[in-house]
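Colleague: Can you open the model and go through it with me? I will ask as I go.

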Amino acid sequence: MVFSSCISHPLVSLKISHFEQPSNLRHNVKPDQRFTSALKSRTTEHFGQRAGIGSGILGEWSFARGTRLVIRQKVSTFVHCRKSFEVQASWLTTSQIASSVFTLGTAAVLPFYTLMVFAPKAELTKKSMESSIPYVVLGLMYAYLLYLSWTPDTLRLMFASKYWLPELSGMAKMFSSEMTLASAWIHLLAVDLFAARQVFHDGLQNQVETRHSVSLCLLFCPIGIVTHVVTKALTRSAGNNTHRMH
């Protein structure tokens with residue numbers, strides 16, 4: 001009866017056993033503090049009872065050793081800082097991707113412009129400009145940046161008017177993102193290089209000087225196309241006048 005009553009007796013309050021009393025507990029717990037007020041949750045096990053005190057203290061009780069308190073360190077602040085660091089690292093990674101692809105795309109097209117300007121009649125230049133590899137590479141870069149920059153509001157910003165037409169205010173807001181701006185730059189590089197190749201091939205077929213037009217296509221593509229049309233017209237006119245004189 002005595003044995004069963006000891007097991008079924010509820011653990012209302014915990015007292016430090018006289019047989020085992022930690023020495024460092026005297027410095028951490030005030031003498032007049034009652035442990036019953038700090039008890040938040042308790043779990044009971046026969047022949048070895050444990051009581052959860054708060055979120056950092058664990059109490060253990062047994063017939064042989066009495067009661068012990070185990071203090072555990074809280075780690076909630078560390079977890080919060082870790083999450084904040086992960087968010088910041090993710091943001092930096094996105095910005096670095098946009099910057100890296102921007103630089104890589106710009107450097108990738110420069111050799112083709114160099115060949116067309118400084119060696120327009122070389123076999124290497126002709127073979128390089130017949131290849132579709134640079135456009136495939138730029139297309140993949142653009143698709144990747146477009147995927148990263150795409151948001152649920154992208155279409156709404158692109159077609160902001162009631163007639164489903166682009167508006168300048170919506171486009172300006174969309175291009176405020178570095179990722180979107182980098183994707184637009186890759187888009188321009190691909191289109192400009194394609195236009196420069198067309199100018200280059202047309203100049204070879206019609207014996208027209210294209211180096212100045214190709215150079216303008218790199219940064220001012222519409223102006224480069226216009227200068228090629230003007231140059232081609234002037235060349236034909238000069239050729240016709242020379243033919244008439246002979």
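Colleague: Where is Q207 found?
Modeller: Q207 sits in the loop between helix 8 and helix 9. Helices (H or I, at least four residues) and strands (E, at least two) are DSSP runs, numbered from the N terminus.

Colleague: Before we go on, what kind of model is this?
Modeller: This is a predicted model, in which local features need pLDDT of at least 70 and side-chain atom pairs count only at pLDDT 80 or more, while totals for chains, interfaces and linings use all residues. Residues are numbered from 1 along each chain as its sequence is written, and side-chain values use heavy atoms, with hydrogens and water left out.

Colleague: Back to Q207. What is its phi near?
Modeller: The phi of Q207 is near 55 degrees, which is a positive value in a residue other than glycine. Most residues other than glycine have a negative phi.

Colleague: And is Q207 buried or exposed?
Modeller: Q207 is exposed, at a relative accessible area of 63%. Buried means under 20% relative accessible area, exposed over 50%, and partly exposed in between (1.4 Å probe, protein chains only).

Colleague: What about E209?
Modeller: E209 is also a residue of the loop between helix 8 and helix 9. E209 counts as partly exposed, with 37% relative accessibility.

Colleague: New topic. How many helices and strands are there in the protein?
Modeller: The protein has 10 helices and 3 strands. Along the sequence the pattern is α-α-β-β-β-α-α-α-α-α-α-α-α.

Colleague: What share of the residues counts as buried?
Modeller: 28% of the 246 residues count as buried.

Colleague: Which residues touch the most other members of the largest nonpolar core?
Modeller: That core has 23 residues, and Y113, M116, M129, L138, I186, L193 and V214 touch the most other members. A nonpolar core is a set of buried Ala, Val, Leu, Ile, Met, Phe, Trp, Tyr and Cys residues joined through side-chain atoms within 4.5 Å.

Colleague: Which elements give two or more residues to this core?
Modeller: Helix 3 (76–118), helix 5 (133–149), helix 8 (178–206) and helix 9 (211–219) do. Helix 8 gives the largest share, 9 residues.

Colleague: Take V214, then. What does V214 touch?
Modeller: Leaving out residues up to four places away in sequence, V214 touches Y113, M116, V117, A196, V199 and F200. Contact means heavy atoms within 4.5 Å.

Colleague: Now helix 5. Which residues of helix 5 are buried?
Modeller: P134, Y135, L138, M141, L145 and S149 are buried. They cover an arc of only 125 degrees around the axis, so they lie on the same side of helix 5. The arc is that of the directions from the helix axis to the C-beta atoms.

Colleague: What does the face turned away carry?
Modeller: That face of helix 5 carries the exposed residues I133, L140 and Y147.

Colleague: What span should helix 5 have?
Modeller: Its 17 residues should span 24 Å at 1.5 Å a residue, and the end C-alpha atoms are 24 Å apart, which agrees. The expected span of a helix is 1.5 Å times one less than its number of residues.

Colleague: You listed Y135. Which residue does Y135 form an aromatic pair with?
Modeller: A search of the whole structure finds 2 aromatic pairs. Y135 and F194 form an edge-to-face pair, 5.9 Å centre to centre with 80 degrees between the planes. The pair links distant parts of the chain, since Y135 is in helix 5 and F194 is in helix 8, 59 residues apart.

Colleague: What counts as a pair?
Modeller: Rings of Phe, Tyr and Trp (its six-membered ring) pair if their centres lie within 6.5 Å; planes under 30 degrees apart count as stacked, over 60 as edge-to-face and the rest as tilted.

Colleague: How accessible is F194?
Modeller: F194 counts as partly exposed at 41% relative accessibility, while Y135 is buried at a relative accessible area of 17%.

Colleague: Last one, helix 4. Which residues are buried there?
Modeller: T125, S128 and M129 are buried in helix 4 (residues 123–130). Seen down the axis, the buried residues of helix 4 fall within an arc of 90 degrees, so they line one face of the helix. The face turned away from that buried side carries the exposed residues E123, K127 and E130.
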